[in-house]
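This report describes selected features of one structure, with attention to salt bridges, sheet architecture and individual residues. The sequence and model are shown first.

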Amino acid sequence: MEAGIVGLPNVGKSTLFNALTNAGVLAANYPFATIEPNVGIVPIPDPRLNIIQSFIKTQKVVPAALRLVDIAGIVKGASEGEGLGNKFLSHIREVDAILHVVRCFQNAPGGEEITHVSGTVDPIRDIETIETELILADLQTIESSLGKAERAAKSGKPEDIARYSVLKKLQPVLNQGKPARGIIAEIIDAEERKIVKSLGMLSAKRVLYVANVDESDVHGEGPLAQQVRARAKEEGMQVVPVCAKVESELSGLDEAEKTEMLAAYGMKEPALASLARAAYNLLGLQSYYTAGEKEVRAWTVPIGATAPQAAGVIHTDFERGFIRAEIYSVADLQKYHNEKAIKEAGKMRVEGKGYIMQDGDVCHFLFNV
């Protein structure tokens, strides 16, 4: 599972990506600074790992991680090939969710001039520009597929009939300028959603807005960021305010300097920590833990995964030979301090193959192959 960082040119995508992955190299200030997408692995900040380690002494701590793709700036007309648009849109098609970076800052007086591709800063216009291009690209996909799908549906095969039905349902929605994601739950049943996924609909992907704010507005309370918040609320989406400039500086500091700088901005943690966690949730992911003398590790599973599926993330043999899981919570560990005391208190649960994993479970898997 991976998320793509998307937005117009010069909104701060690559700066954010570099800060997230601690790459330390800023993109040049001109359109299409990123041609091929960069891929980075971003650790998910998780204070529960430190809590576990404080009671179970271990050699190392391994956090969960998220794959991020920095996709080149999209411009108006991308769906028609403007700015190498078709190539960039194909990169979006390959990711599972979108982090839409929106510029919410003006040039600081006397500071570096960062040219907006449209000449002025207007976050709502920018959001609509990107969304329109995704919708137009989806319309092209549907219109080029309808004829073939209609002919195939005449064969009477259920999967062909379902595919044609999905295309016919989506076409009028997209023609109205509405993204597919807003209506999929209303007009597409569970089986048909698999077809939507196979179509690679760009406007069907989940979106998190990233408001790239000025360093004087790190909490995103200014008028430009508030416009994005209002838009996101209408759409039932989330916004994470981030000052790419500040985050880039923070990523290069040692812990003492970082703590001092965060305090100066009235921040408890880097905004990128909140962004990484929000992106993780956007992808429908959660973490469970294993803990022993060698390592404390967070493992990533989709929300709704069963215990055998979670075991399979460690090794396929664990899933194939799954017998049961012994599970307790981080809160139990805080209260009882060790696994022996957790068992004696009757808080160590034994779960079978039908158990649905919960975020924050600490697990031991028993298996036989």
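## Salt bridges and their setting

Helix α10 (residues 255–264) contains both E255 and K258, which stand three residues apart, about one turn of the helix. The model is a predicted one. Within it, E255 and K258 form a salt bridge whose closest N and O atoms are 3.8 Å apart. The two partners fall into separate accessibility classes: E255 counts as exposed because its relative accessibility is 56%, while K258 counts as buried because its value is 18%.

Salt bridges that share partners also join E128, E131, R181, R231 and E235 into one network. Across the whole structure, the search finds 18 salt bridges. Three of them are listed below.

| Salt bridge | Closest N and O atoms |
|---|---|
| R231 and E128 | 3.0 Å |
| R181 and E131 | 2.6 Å |
| E255 and K258 | 3.8 Å |

The salt bridge between R181 and E131 has its closest N and O atoms 2.6 Å apart. R181 sits in the loop between α5 (158–175) and α6 (184–187), and E131 in helix α4, so the parts tied together here are 50 residues apart in sequence. Both R181 and E131 are buried.

## The sheet and its helices

Six strands make up an open sheet with mixed pairing, in the order β2-β4-β1-β5-β6-β7. Its edge strands, each pairing on one side only, are β2 (38–43) and β7 (239–242). From one strand to the next, the twist averages 30 degrees. Strand β2 pairs with β4 (residues 65–70) in the antiparallel sense over six bridges; G40 has L68 in β4 as its bridge partner.

Helix α1 (residues 13–21) packs on this sheet and touches β1 (2–6), β2, β4, β5 (97–104), β6 (206–213) and β7, with its direction at about 45 degrees to that of β2. Helix α4 (residues 123–153) packs on the sheet as well, touching β1, β5 and β6, and its direction makes about 150 degrees with that of β5.

## Individual residues

D70 is located in strand β4. D70 is buried but has no salt bridge: K13, the nearest side chain of opposite charge, lies 5.0 Å away. The side chain of D70 does make a polar contact of 2.8 Å with that of S14.

Q286 is placed in strand β8 (residues 285–291), and counts as buried because its relative accessible area is 8%. Its side chain reaches the backbone nitrogen of D359 at 3.4 Å. Leaving aside neighbours within four places in sequence, the contacts of Q286 include Y280, W299, P302, M357 and D359.

Two loop residues other than glycine have a positive phi. For N10, phi is near 60 degrees; this residue lies in the loop between β1 and α1 and is buried at 16% relative accessibility. For H337, phi is near 75 degrees; H337 occupies the loop between α14 (330–336) and α15 (339–344) and is partly exposed at 43% relative accessibility.

Technical notes
Residues are numbered from 1 along each chain as its sequence is written. This is a predicted model: local features need pLDDT of at least 70, side-chain atom pairs count only at pLDDT 80 or more; totals for chains, interfaces and linings use all residues. Side-chain values use heavy atoms; hydrogens and water are left out. Two strands pair if DSSP finds at least two bridges between them. Helices (H or I, at least four residues) and strands (E, at least two) are DSSP runs, numbered from the N terminus. Axes are lines fitted to C-alpha atoms, for helices over the stretch in contact, and angles run from 0 to 180 degrees between N-to-C directions. Contact means heavy atoms within 4.5 Å. Buried means under 20% relative accessible area, exposed over 50%, partly exposed in between (1.4 Å probe, protein chains only). Lys and Arg count as positive and Asp and Glu as negative; His and the chain ends are not counted. A salt bridge is a side-chain nitrogen of Lys or Arg within 4 Å of a carboxyl oxygen of Asp or Glu. A polar contact is a pair of N or O atoms within 3.5 Å; within protein, one must be able to donate a hydrogen and the other to accept it, and residues adjacent in sequence count only if both atoms are side-chain atoms.
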